[in-house]
Amino acid sequence: MRSQKIIAAIHDLSGIGRCSLSVIMPVMSAQGMQVCPVPTAVLSTHTGGFEGVVIRDLTDYIMECYDHYKSLNVEFDAVYSGFLANASQIDHCLKFFKGYKNSLKVVDPVMGDHGKPYRTCTKELRTRMSELAGVADVITPNLTEAAFLLGEEYPAEPLSQGRAKSWLAKLSEKVRVAVITSVPMADDKLSNIGYDRESGGFWRVDCDFVPAAYPGTGDIFAAVLTGAILNGESLPMAINRATVFTQITVKTTFSYCTDTRNGVMFEHALPWLSRNETLFDFKRI
Ligand code: PXL
């Protein structure tokens, strides 16, 4: 029988806007993985621009769900956390990580973008997210979230290669792999950069600049990266795959001039992901 990876994804379920579980589940399924959703909240839309969002916080559900999986002796190849509805959910994620010691622990520290926190991301959640990131194997902040985790100001200027490496090294003091997404670099490129502490390599994959911002692209990137790592790919190849897939969806969507709040049209691009072509458009820095 074919062995399949199974991932517990602790993230929200938003109806409209193509983010979190609504994108992670199909994306990782296309990579051949089974995703077990552990919703932190159910929302009618994401919080990035729609008025009157309906939110049901599922804090009480997470631990009961954990206990049930333990009673069933369910094992996970990875436990992956994302959008948390409040700071107390950090404790629940910590318990999941502790209870699944042998699983790959991935933290996408969803907190904000473009230098600002998301509406629901309190100061307490920002502070405690560092605690969660500290027990992970892999973290995938965007530049805003990396600044929050490091207690740094959001950079006013593009990052020199030296500063980018220093941020990655600081983020990796506790984790094995740190990837920072959407980093404006001093040579005018927008890049996804990563560091693998075990192999010691700093890596960079450049993106083309598209003059539009779509919610959910960080979730898609983190999901593809996690799937690729679980499939045994090296960090640069995994960053490459996550970058190219995200770019395909962003460029496709941009061409249709849709309302950006609806996220990216990733659905028709899933067969590209399933083909799992070999990629090598990365640089060592
Ligand atoms: O894509 C990040 C994200 C996830 N979940 C919810 C969000 C956002 C960003 O706005 O609002 C509910």
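A: The second largest pocket is lined by Ser130, Glu131, Ala133, Gly134, Ile139, Leu149, Leu150, Lys170, Leu171, Glu173, Lys174 and Val175. (A pocket is an open set of points on a 1 Å grid over the protein atoms alone, where a 1.4 Å probe fits, with protein on both sides within 12 Å along at least five of seven lines; lining residues have an atom within 4 Å of a point.) Helix 4 (123–133), helix 5 and helix 6 (161–171) each give two or more residues to this lining; helices are DSSP runs of H or I of at least four residues, and strands are E runs of at least two. Helix 4 has the largest share, three residues. The model is predicted, and totals for linings use all residues. Residues are numbered from 1 along each chain.

By class, this lining holds six nonpolar, two polar and four charged residues; Asp, Glu, Lys and Arg count as charged, and Gly as polar. The volume of the second largest pocket is about 210 Å³, that is, the space filled by probe spheres set on the points.

For comparison, the largest pocket holds about 1200 Å³ of space. Its lining has 49 residues, and those closest to its centre are Asp113, His114, Tyr214, Thr217 and Gly218. Among the elements that give two or more residues to the lining of the largest pocket are strand 1 (6–16), helix 5 (143–150) and helix 8 (235–255). Helix 7 gives the most there, with five residues. The lining of the largest pocket divides into 21 nonpolar, 20 polar and eight charged residues.

How values were computed. Predicted model: local features only at pLDDT ≥ 70, side-chain atom pairs only at ≥ 80, totals over all residues. Heavy atoms only, no water.
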